[in-house]
Amino acid sequence: MRIELHRALILSMAFCGPLHAAPPPVPPASPAPSASPAPPASPAPVAPPGSATFTVPDAGLPDPLVLVAYGDMRFTDTAETRATNPVARRALVAKIVSENPAALFIDGDIPWHGVDADYAVFRAETGLWRERQLRVYPALGNHEFSACLESACLERWWETFPELRGRRWYSVAIGTKFVGLALDTDASLLPGSAQRDWLEGQIAGLGPQVRLVLLVMHHPPVADLQTGRLADHNPRPNEIALAEYLGKVAPTSAARFLVSAGHIHNYERFDQDGVVYLVSGGGGAAPSEVVRTPSDRFQSADFPNYHYVRLELHGDRVSGEMIRLVDYGAADPRQWQIRDRFQITLRP
């Protein structure tokens, strides 16, 4: 079964036998040269600077546009229940299907380890995504590089998501008003790096109609700062540099910026320099308790927060909801609640 690129990264290909395919019939916005595996920290040749790597045309997209973001699932053998909760993990997969999103963005740590067996569990447990032909756009996390050499880890990633071959970061334009940027926080985002130069080119090249940019990444640029043993998941200089850059470009851009990161297995929300920052790491991995700081707009004591984020784009605004699994300890959990709501006003 083939994936057409205008349905970009629908997971049917990832589930069907050998993962070597002929070029898809619908190319990216600007056809890229045939990609071969790139050096570890550099993408393969892509479209001209500022052009989206993949595009989904307006025709056939729903109105309003619904998007889903989440991450940190750690797909692995269901016998492993300390590193991940397989029941919650599967419940989230099924619930996301019910949203019928125009696109699903994953902010990393899809497998527990970057090994064949864990990717096989991912393919098996997300069969519903293939059946419904969801568009899925993943970002690399640190667990994709666990228990394997970097070259082998990347090869398994590209076998699972073949249209990304040679790329560790990429962009997708869904219609004319939305652009998603999937970043790799295992590579440098510091000024002058290959990924940073690419990112700056993407933002400088945004079309005049783009009103929302979603950056999906694993390590968070903004989060509740922890102390003691919890401090190892605090924002790092690599991602803080990205937040500083966004704080400079956001005030003068026609688009609004939203960042969805993971790594912390909880939910957090911040407004900083005109950018909305989410931590959405509730996909099933072992939950992380956090001490919430005053700047966190989500002050609930709920724990654990297995969840996903639903975004709905209207003409002049984006409505966001954090949807939490309530009965996560049940054998067949089915209770959900909206535990956070926020709005982003789009510029005219």
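In what order do the 6 strands of the open sheet stand? The order is β4-β3-β2-β11-β12-β13, with mixed pairing, where strands are DSSP runs of E with at least two residues, numbered from the N terminus, and two strands pair if DSSP finds at least two bridges between them. This is a predicted model, in which local features need pLDDT of at least 70 and side-chain atom pairs count only at pLDDT 80 or more, while totals for chains, interfaces and linings use all residues. Residues are numbered from 1 along each chain as its sequence is written, and side-chain values use heavy atoms, with hydrogens and water left out.

Select next β11 (residues 307-313) and β12 (residues 317-325), which pair in the antiparallel sense over 7 bridges; here R310 stands opposite E321 in β12.

Move on to helix α1 (residues 86-99), a DSSP run of H or I with at least four residues. Its 14 residues reach 21 Å from the first C-alpha to the last, close to the 20 Å expected at 1.5 Å a residue, the expected span being 1.5 Å times one less than the number of residues. Among the residues of α1 that are buried are L92, V93 and I96, buried meaning under 20% relative accessible area (1.4 Å probe, protein chains only). After α1 comes N100, with a positive phi near 50 degrees.

Finish at C148 and C153, which form a disulfide with sulfur atoms 1.8 Å apart, the term standing for a pair of cysteine sulfur atoms within 2.5 Å. Their link is right-handed, with 110 degrees about the S-S bond.

Key
Buried means under 20% relative accessible area, exposed over 50%, partly exposed in between (1.4 Å probe, protein chains only).
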